[in-house]
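Hello,

Here is the structure we talked about handing over. My notes on it follow below the display.

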Amino acid sequence: MKKTLELVGQYYLLMKRVFQKPEKWKIFWKQYAVEAEKLILDSIPIVSIISIFIGAVIVIQTANNLESPFIPKMYVGYMARESLVLEFCSTMIALILAGKIGSNIASEIGSMRITEQIDAMEIMGVNSANYLILPKITSATTLSPFLMLESFMVGLLGGALIVIFTGMVTLSQYVDGIQFAFKPFYIYYSMTKTAVFCFIITSISSFYGYHASGGSLGVGRSSTKAIVVSSGLILIFNLIITKIML
Amino acid sequence: MITVKHLYKEFDGKEVLKDISIRYNPGECSLIIGASGSGKTVLLKCLVGLFEPEKGEIWYDDLLFNKLDLNAKKQLRTQVGMLFQGSALFDFATVEENIMFPMDFFTDWSKEQKLDRVNFCLKRVNLENANKKRPSELSGGMQKRVGIARAIALNPKYLFCDEPNSGLDPTTSILIDRLIQEITQEYGITTIVNTHDMNSVMEIGDKVGFIYHGELLWEGSNKDILHSDCKELNGFVFASPMAQQLKSLLRQEKKNPEDQK
Ligand SMILES: Nc1ncnc2c1ncn2[C@@H]1O[C@H](COP(=O)(O)OP(=O)(O)O)[C@@H](O)[C@H]1O
Ligand SMILES: [Mg+2]
């Protein structure tokens, strides 16, 4: 318990150093672009692949459960849309990103810590936390909602493909279902969740990397911790945000 | 000039530095020597503010470093260069970008001006045309030289080197040592070098401080070091088997010079 409080304190102190005005905005925006490519653009392929398969699987499962003739066939599309937008495209994708970009960030910053590159920046008078971490947090937090949208589209596409391929319902029934009782608020809810989750992932992984110690083993340990802790926090915050927003 | 007064540092209750007081002059290479784990790196990191000492004062000329606020510290840091034990080059950047890094942050120079300065620094350390190389493509000695080039990028008044020749062969070591000495004298820098290498001591040790278990036991120049009567220092200086044998040979020779013929 005491240790947890200590960690929270350290995290808070680090974030105070992160969220300061950059020395030069030009340097910040350059790093923002670099991180946007590394954290978001480079995640598009894996997110797309997973989304297309999950979209297809959800459609098959729903179609199998809707044997009853009293339920309209278009419910397949409706259900697929709802599960994608409510849970899959935000929480599931965030958990996958926690593994991918969380370990990436923690090991990158951690190895800079143990090879004294962070010390070298500090000696020069550069706020290393601000230079290294702020672009990661801001780019992931601001751009990840679009990644969620992309995952949503591709997931629906996956559903459409399986519908065309198997013919379990007609494509027009599926498309009708997708449009049925559509609540734009859910998209907004899901984008908010994704942004919060990506803030958690980037800041927590940066924190564990920044405080890495004990050689390359230590870097490995800190990246494992980063993934475990950010996944846990994602689940907790999923609950909190859902309670607040829905 | 850097002045240290009664410096103490501990980690989790374990005293690592005890009552260190010493003065470092501009234009001189001052060495901190001692066995591994004696506290050399900790002392250096206290001096540059990477570690917070428990007690004591650190003066950079007439500035009391411990009491400076963040902005003043940052200001001072632009006058400080440091060469790290493992070079600590940024591996996300090329050699050129490494040396340019402090310029990007703290100068308003144009791209050409920065490039001029980079080339000047690289030339100074005899590494022309390495601009576009990555740190991982360089040998240990070359990395150290890039580290030095980066440390002098903004014309520092103070230069700190942590074991500049650890992991280098003797020839390269001497080259690096001489480079540090030349730069120090050329620009009148206050230079502090950590080392456990006796060759460096004899080569560039204008002023030497010997640390033993966190205490400063001896101070002097490399001319006096072989004649000191500090037991711990002698143990350190004559630690290698070769030094031991030479010493006993010399003793024998002193006793009976004829027999040796
Ligand atoms: N960050 C740290 N936390 C705890 N103990 C440390 C730390 N850094 C150094 N020490 C301890 O301080 C002592 C001196 O270390 P150091 O200054 O690195 O020795 P060296 O003279 O080889 O450079 C060692 O006993 C080391 O274990
Ligand atoms: Mg050391």
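In this predicted model, A:Glu35 and A:Lys38 form a salt bridge, with 3.5 Å between the closest N and O atoms. Both residues lie in helix H2 of chain A, which runs over residues 25–40. They are three residues apart, about one turn of the helix. The two partners fall into separate accessibility classes: A:Glu35 has a relative accessibility of 3% and therefore counts as buried, while A:Lys38 has 26% and is partly exposed. The limit for buried is under 20% relative accessible area.

A second salt bridge in chain A links A:Arg81 and A:Glu82, with the closest N and O atoms 2.9 Å apart. A:Arg81 is buried, at 1% relative accessible area. A:Glu82 is buried too, at 13%.

Between the chains, the side chain of B:Lys45 meets that of A:Glu116 in a salt bridge, at 2.9 Å from N to O. B:Lys45 comes from helix H1 of chain B and A:Glu116 from the loop between helix H4 (75–114) and helix H5 (117–124) of chain A, so this pair joins two chains. B:Lys45 counts as buried because its relative accessibility is 9%. A:Glu116 is likewise buried, with a relative accessible area of 14%. Elsewhere, A:Glu35 and A:Lys38 belong to a network with A:Glu108 and A:Lys136, held together by salt bridges that share partners. Over all chains, the search of the whole structure finds 20 salt bridges.

Next, the ligand. Which residues are around ligand 1? The list is B:Phe11, B:Lys14, B:Val16, B:Ala35, B:Ser36, B:Gly37, B:Ser38, B:Gly39, B:Lys40, B:Thr41, B:Val42 and B:Phe51. By class, this shell has five nonpolar, five polar and two charged residues. Strand E2 (14–24) and helix H1 (40–48) of chain B each supply at least two residues of it. H1(B) gives the most, with three residues.

- B:Gly37, through a backbone N or O atom, at 2.7 Å
- B:Thr41, through an N or O atom in its side chain, at 2.6 Å
- B:Val42, through a backbone N or O atom, at 3.0 Å

On its own, ligand 1 has 560 Å² of accessible area, and the protein covers 63% of that.

On the surface of chain A there is a nonpolar patch formed by A:Leu157, A:Leu161, A:Ile164, A:Leu171 and A:Val175. Together these residues have about 420 Å² of accessible area. Helix H6 (128–166) and helix H7 (171–179) of chain A each supply at least two of the patch residues. H6(A) has the largest share, three residues.

Two residues other than glycine have a positive phi. A:Ala181 has a phi of about 45° and lies in the loop between H7 and helix H8 (184–210) of chain A. B:Glu163 has a phi near 45° and lies in the loop between strand E7 (158–162) and helix H6 (170–187) of chain B. Are these residues buried or partly exposed? A:Ala181 is partly exposed, with a relative accessible area of 45%, whereas B:Glu163 is buried, at 5%.

B:Asn98 lies in helix H3 of chain B, residues 95–106, and counts as buried because its relative accessibility is 0%. Its side chain reaches the backbone nitrogen of B:Phe90 at 2.8 Å. A:Ser190 is in helix H8 of chain A and also counts as buried, at 0% relative accessibility. A:Ser190 is 99 residues from A:Thr91 in sequence, and the two C-alpha atoms are 8.6 Å apart in space.

Regards

Conventions. Residues are numbered from 1 along each chain as its sequence is written. Chains are lettered from A and ligands numbered from 1 in the order in which they are written. This is a predicted model: local features need pLDDT of at least 70, side-chain atom pairs count only at pLDDT 80 or more; totals for chains, interfaces and linings use all residues. Side-chain values use heavy atoms; hydrogens and water are left out. A residue is near a molecule or strand if one of its heavy atoms lies within 4 Å of it. A polar contact is a pair of N or O atoms within 3.5 Å; within protein, one must be able to donate a hydrogen and the other to accept it, and residues adjacent in sequence count only if both atoms are side-chain atoms. Accessible areas come from the Shrake-Rupley method with a 1.4 Å probe; for residues, only the protein chains shown count as cover. Helices (H or I, at least four residues) and strands (E, at least two) are DSSP runs, numbered from the N terminus. Ala, Val, Leu, Ile, Met, Phe, Trp, Tyr, Cys and Pro count as nonpolar, Asp, Glu, Lys and Arg as charged, and the others, Gly among them, as polar. Patches are made of residues with over 30% relative accessible area and no salt bridge: like charges are joined within 9 Å, nonpolar side chains (Val, Leu, Ile, Met, Phe, Trp, Tyr) within 5 Å. A salt bridge is a side-chain nitrogen of Lys or Arg within 4 Å of a carboxyl oxygen of Asp or Glu. Buried means under 20% relative accessible area, exposed over 50%, partly exposed in between (1.4 Å probe, protein chains only).
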